[in-house]
Amino acid sequence: MKHDLVVQEGYVFEQEIHLTVLKTSLFFAGDGFTVYDSKGEVIFRVESYGPDSRDLDELVLMDPDGRCLLTVRRKKASLHQRWDGYKGERINGDKPTFSVKRSSIMGRSYAGVTVEVYDTTGEEYHIEGCFSERSCTVYNATKESVAEIHRKVDPTTGVLIGKEVFSLCVKPGFDAAFAMGFVLVLDQIGGDDSLEEDARAEPTVHPTTEDYEDK
């Protein structure tokens, strides 16, 4: 099986996996995330990087024990809202492993996003859809789906769960940490324009054991 860019070996699986992503604040884009596997165990976390953070331009994805897996950093003065990605903790002088940017400076929530991997000939990804609506697909250079973001449904009522809880489906051979890095950037450049309104309009349903698996 051909593997794409691997950020962390331990997060590449031979089977499709379904992760539940919980956004820990409804009021500020990028306040933090906790990510659960199908057994309800924490697999990733992102500490708060909201308005009181020392550096709004750098986000860190960690494992459950707080070890840095991936860092994404905003590129200054970029019309395409470009972010650079680094394996592990970024140190001054490090060269990025990949970059994520809007495909066009026009539009907002529905604008496509391009991911370029450095030092790997022909490896590129394109993200289509609308993150604020929790509906996105990540395609590789051959237009194969490698990851998907979509809203979750409460299995007991059939009602859509609030947008602060959503699914990240990762295809076989694709690094789940890499995919979660996309989520961090999309949360910044895709916008959460409808989240506060959504929180008022829909009851908040927090994930239960049944929520971690997609039926």
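Start by selecting F44, F98, L168, F178 and M180, which have the most contacts inside the largest nonpolar core, a set of 45 residues. A nonpolar core here is a set of buried Ala, Val, Leu, Ile, Met, Phe, Trp, Tyr and Cys residues joined through side-chain atoms within 4.5 Å. Next, select residues 176–189: this is helix α1, which gives the most to this core, with 11 residues. Helices (H or I, at least four residues) and strands (E, at least two) are DSSP runs, numbered from the N terminus.

This is a predicted model, in which local features need pLDDT of at least 70, side-chain atom pairs count only at pLDDT 80 or more, and totals for chains, interfaces and linings use all residues. Residues are numbered from 1 along each chain as its sequence is written, and side-chain values use heavy atoms, with hydrogens and water left out.

Return to L168. Leaving aside residues up to four places away in sequence, L168 touches I17, H18, L19, V21, E148, I149, A179, M180 and V183; contact means heavy atoms within 4.5 Å.

Now select S132, in the loop between β9 (124–130) and β10 (135–139). S132 has a relative accessible area of 6%, so S132 is buried (under 20%; exposed is over 50%, partly exposed in between, with a 1.4 Å probe and protein chains only).

Then select K39, in the loop between β2 (33–36) and β3 (42–46). K39 counts as exposed because its relative accessibility is 68%.

Last, colour by pLDDT, the predictor's confidence in each residue, from 0 to 100. The protein averages 80, and 72% of the residues score at least 70. Over residues 50–55 the pLDDT is below 50. Where pLDDT is low, the predicted coordinates should not be read in detail.
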